[in-house]
Every structure is written in C-alpha cells, then in structure tokens.
Amino acid sequence: MLACTLLSGPLMAQGQWTIDAETGIPFTGYNDVRIPNEGGTLFSFKRDFSVDGSIVPIRLRVGYTWNDRNHLFGLIAPLFINYEGVAPRDIAFQQTVFDQGEQLAGFYQFNSYRLTYRRDVYVEGPWRLGLGFTAKVRDASVRLDNEMGKADRKDDLGFVPLLHLYGEYTLANQMKVYLDGDGLAGGPGRAFDFFLGSRVPLTSKTDVKFGYRILEGGANVDEVYNFTLVHFAVLGLFLTL
C-alpha cells in the first residue's frame with residue numbers, strides 16, 4: 001500500500017524508473033548446518049560435500065527515484081546450490097538419521113525478496129551517500145536424501161528487517177564507483193549482502209556493472225543452526241527507463 005501511494009499521482013511524472021540486473025561467478029565459502037540445533041548433527045556442506053552442477057546467481061532489482069534523493073527498490077534474488085557426497089559420520093537431520101558412508105544428495109536454497117527505501121542524505125560534487133531500511137522475506141530450505149529414497153528437509157519462510165547503506169563516487173568520465181547493500185547483526189543471527197564495484201556508461205541510459213558481492217549470514221536458534229558464506233564476481237546491466 002505504501003509503495004502504491006508513493007508511486008501514484010504526480011510522482012509518476014517526476015520520477016525515474018531503473019532496472020538493475022546481474023549474474024556472475026559464485027564462490028562458495030562455509031555452509032555449516034545443524035537441524036535441529038538441539039539434538040542434530042553439525043555438518044558442513046563445504047567440507048563434507050561437493051557442489052553438484054552449476055550455481056547460476058540471478059538478481060533483478062527494479063527501482064524508482066523521485067526528487068533525486070528518494071529511492072524505492074524491489075529485489076528478487078534466488079539462490080540454489082546442489083551438493084553430493086558421502087556422509088562422514090552418522091548425521092541426525094530433522095527427524096531422520098543418515099548413516100555414515102551413505103551416498104547423499106544435499107540441497108540448499110536461500111531466496112530473498114526485498115523492498116527498500118533509501119534517502120540520500122549527502123549529495124555534494126562527485127559524492128552521494130544514502131541511508132535506508134529494507135524489509136526482507138527469506139525463503140530458505142535445506143534438504144538431505146540418499147539413494148534409497150530416505151529424505152528429510154527443513155523449510156524456513158520469515159521476515160527480516162535490515163539497514164540499507166549506499167555510497168557513490170562519480171569520476172570525470174561518469175564512471176561510478178559505489179558500495180550498495182543491506183545488513184544487520186545482533187541476537188541469534190545476522191545477515192549481510194553488499195556489493196562493491198563500478199558502473200561504466202555505454203549509452204545515456206545503459207551502464208555495464210561489475211564488481212564483487214558478498215552474501216553472508218545465518219541463525220543460531222532452537223530449531224536451526226546455519227551460517228553460510230557465498231561470494232560472487234559480478235557482471236550486470238543497469239538500465240534507466
């Protein structure tokens with residue numbers, strides 16, 4: 001309702017739409033899992049298993065800017081990783097015990113859907129600094145199964161509030177170097193998603209985007225222990241409509 005109100009009326013005539021699309025080359029860091037946290041077995045997708053197939057990161061963010069300093073973004077960022085390997089020990093996962101030596105397939109999903117408002121609090125010369133808030137919905141899932149059809153999984157759909165930060169410096173050739181991301185830490189968990197890179201103009205309305213993204217976080221609660229790090233070499237397009 002808030003987004004509809006902000007984008008209605010005279011704002012539509014004054015504002016500007018953008019599309020920010022990216023993909024890249026992912027590198028998996030740690031991915032430690034114990035489900036349930038009390039009574040489950042701690043295992044590592046990174047150390048105990050191998051990535052099965054390709055990881056294809058896709059992110060699409062639609063933005064709307066009005067009065068130069070106000071920005072509203074909607075983001076869709078799916079992430080799926082398949083694993084395979086031999087259980088290094090008996091693994092108690094959810095309601096199932098997978099025996100040591102079993103050939104296992106693993107699946108890790110962390111889809112993110114976000115709505116962000118940012119206000120640029122400092123705009124002077126080549127510098128632009130912004131602060132905001134992000135409402136994030138996470139759609140997470142962890143699954144294990146063996147060759148005999150024994151399987152179990154844990155799904156987690158939840159809301160996470162995050163702080164949003166933005167910093168930009170524009171060079172003389174209109175190339176932008178910037179930091180853009182969401183993050184928050186405290187209590188039983190944390191979540192960080194930050195991009196550091198550049199936008200190089202191809203035309204008046206099209207930029208090439210490249211840089212580095214880090215995605216890290218997790219939770220340590222009664223039902224779940226899971227902390228994950230995935231980082232990316234990013235390539236994308238930024239379109240002004």
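Predicted model: local features only at pLDDT ≥ 70, side-chain atom pairs only at ≥ 80, totals over all residues.

Trainee: What makes a residue part of the lining of a pocket?

Mentor: A lining residue has an atom within 4 Å of a point of the pocket. For the second largest pocket, strand 1, strand 4, strand 5, strand 11, strand 12, strand 13 and strand 15 each supply at least two such residues. By class, this lining has 5 nonpolar, 9 polar and 11 charged residues.

Trainee: How is the lining of the largest pocket divided by class?

Mentor: The largest pocket contains about 740 Å³ of space. Among the elements that give two or more residues to its lining are strand 9, strand 10 and strand 11 (151-170). Its lining residues divide into 19 nonpolar, 7 polar and 9 charged. Of the 35 residues in the lining, Phe110, Arg138, Arg190, Gly218 and Ala219 lie nearest the centre.

Trainee: Why is a space called a cavity and not a pocket?

Mentor: A cavity is called so because a 1.4 Å probe fits in it but cannot get out, whereas a pocket is open. The search of the whole structure finds 2 cavities of 30 Å³ or more. Of its 17 lining residues, Arg59, Arg61, Leu75, Asp180 and Arg213 are the closest to its centre. By class, the lining has 3 nonpolar, 4 polar and 10 charged residues.

Trainee: Which residues lie nearest the centre of the second largest cavity?

Mentor: They are Arg59, Ala77, Pro78, Leu215 and Phe232, out of 17 lining residues. This cavity has a volume of about 120 Å³, and its lining divides into 9 nonpolar, 3 polar and 5 charged residues.

Trainee: How do you know that Phe43 is buried?

Mentor: Buried means under 20% relative accessible area. Phe43 has a relative accessible area of 1%, and therefore it counts as buried. Phe49, at 5%, is buried by the same cut-off.

Trainee: What does Phe43 touch?

Mentor: Leaving aside residues up to four places away in sequence, Phe43 touches Asn31, Asp32, Val33, Asp48, Phe49, Arg89, Ile91, Phe93 and Leu144. In the largest nonpolar core, which has 27 residues, Phe43, Phe45, Phe49, Ile91, Phe93 and Leu144 touch the most other members. Strand 6 (80-86), strand 7 (91-93), strand 9, strand 10 (127-146) and strand 15 each give two or more residues to this core. In soluble globular proteins, nonpolar side chains tend to be buried together.

Trainee: Why is the pair of Phe43 and Phe49 called edge-to-face?

Mentor: Ring centres must lie within 6.5 Å to pair, and planes over 60 degrees apart count as edge-to-face. The centres of Phe43 and Phe49 are 6.1 Å apart and the planes are at 65°.

Trainee: Why is the pair of Phe45 and Tyr83 called stacked?

Mentor: The ring centres of Phe45 and Tyr83 are 4.3 Å apart and their planes are at 10°, so the pair is stacked, the cut-off being under 30 degrees. Phe45 lies in helix 3 (residues 45-48) and Tyr83 in strand 6, so this pair ties together parts that are 38 residues apart in sequence. Both residues, Phe45 and Tyr83, are buried. Ring pairs also link Phe43, Phe45, Phe49, Tyr83 and Phe93 into a cluster.

Definitions and conventions:
Residues numbered from 1 in each chain as written. Heavy atoms only, no water. 1 Å grid on protein atoms, 1.4 Å probe; cavity = no way out; pocket = protein on both sides within 12 Å on 5 of 7 lines; lining within 4 Å. Points joined across faces, edges and corners; volume = space filled by probe spheres on them. Nonpolar A, V, L, I, M, F, W, Y, C, P; charged D, E, K, R; others polar. Core = buried A, V, L, I, M, F, W, Y, C linked by side-chain atoms within 4.5 Å. Buried < 20%, exposed > 50% of the residue type's maximum accessible area, 1.4 Å probe, protein only. Helix = DSSP H or I, 4+ residues; strand = E, 2+ residues; numbered from the N terminus. Contact = heavy atoms within 4.5 Å. Phe/Tyr/Trp six-rings, centres within 6.5 Å; stacked < 30°, edge-to-face > 60°.
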